[in-house]
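I opened this structure to look up its sheets. I wanted to know which strands pair, and in what order.

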Amino acid sequence: MDGFVAAEGSNLTMGYYDRSDIPYYWDYADNYVLDDDFFSSLMGPSFPNHLYLASGTNGPTNMNETWILNGSIINNPGSNFKWQGVDLTWSTLAQELSNAGISWRWYDGDKNATAPTIWNVLPLFDYFQAHPTELTAHVKSTQDFVTDVRDNDLPAVSWIIPGSWHPPTLPSVFANESISEHPPARCDAGMDYVAYVVNQVMQSPSWNTTAIIITWDDYGGFYDHVAPPQIDPYGEGFRVPTLVICPWAKHGYIDHTQYEFASLLKLAEDNFHLSPANPWGRDVNASDLMSSFNFTQAPQPPLIEPANFVFGQLNSIGGEKTPYEN
């Protein structure tokens, strides 16, 4: 694992964020669960990893593109790629939930929540192109998530994809700040956004029956000393931080079980007694995160974070840029 500086072309890959930079994430790890053997599903960027988040696999497809290898999607399309005509024919967990009559929503942070992007992958699947009303009924904006929580109307399963657009009703601290946390974006801006969303659940009746799992779609270019296990030609990728927040999450626990994005599907499939989304998908054999929970313990209380760390940091230095702001 000694090729990071050479591959990134910079010694910035050896940098890291500590508790003083991203305190809320440390607070969550201190009080709930950190999964420290959680790997991204593919040794690559966002698009294929979001396919694993949605479906447990990255193919097969018969498209002929430079970002496809042996029928499997391994890279992001170019920034000018036109999504028209892309039709992914395999199944997603969302489709399986619909077929089983289990409620779900996919909340996307872009202005057009039903437009495909490298992060918003559901519109690319054949099932949703053939059933457009399913897409419009279940794919909503991030602000709809906040509203649904406050109305006590959360579905059984939710995905929250941050995106790049911040609804005007969200706190002004997010204005003009990227919340992706991918360099060169500010990590603390993303942390504020996550804490705001988590606070909504913690301050609602849904807290007692909800498990919140926070993860990142790739490693962002940072050095890691743990070599990913090679389970097939495409993965695993490098480790990503993953937090499990729940009244029934073990307190201050580090879970060393090997997980990946398909583990999130496996958790939902086991909980709702569903078959794997695809017979060849990673969720068939993935661990289901249950080692992070203890349902016999006294339920843990919510941990409400201020969600204004960026605002506070900027005010404390008179509005000037911090060394890690771009």
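**Entry 1: a sheet of three strands.** I started with an open sheet whose three strands come in the order E6-E5-E7. Its pairing is parallel. I keep in mind that this is a predicted model. Next I looked up the edges. They are strand E6, residues 139-141, and strand E7, residues 157-161. Each of these pairs on one side only.

**Entry 2: E5 and E6.** How many bridges join E5 to E6? I found three, and the two strands run parallel. Strand E5 covers residues 104-108.

**Entry 3: a sheet of four strands.** I moved on to another open sheet, with the order E8-E9-E1-E10. Here the pairing is mixed. Strand E8 (212-215) and strand E10 (253-255) form the edges, each pairing on one side only. Neighbouring strands of this sheet are turned by 20° against each other on average, again with direction ignored.

**Entry 4: E1 and E9.** Do these strands run parallel or antiparallel? I found that strand E1 (residues 33-35) and strand E9 (residues 242-245) run antiparallel. Two bridges join them. Leu34 has Leu243 in E9 as its bridge partner.

**Entry 5: a helix across the strands.** Last, I checked which strands helix H2 lies across. Helix H2, residues 23-31, lies across E1, E8 and E9. The helix runs at about 60° to E9.

Conventions. Residues are numbered from 1 along each chain as its sequence is written. This is a predicted model: local features need pLDDT of at least 70, side-chain atom pairs count only at pLDDT 80 or more; totals for chains, interfaces and linings use all residues. Side-chain values use heavy atoms; hydrogens and water are left out. Two strands pair if DSSP finds at least two bridges between them. Axes are lines fitted to C-alpha atoms, for helices over the stretch in contact, and angles run from 0 to 180 degrees between N-to-C directions. Contact means heavy atoms within 4.5 Å.
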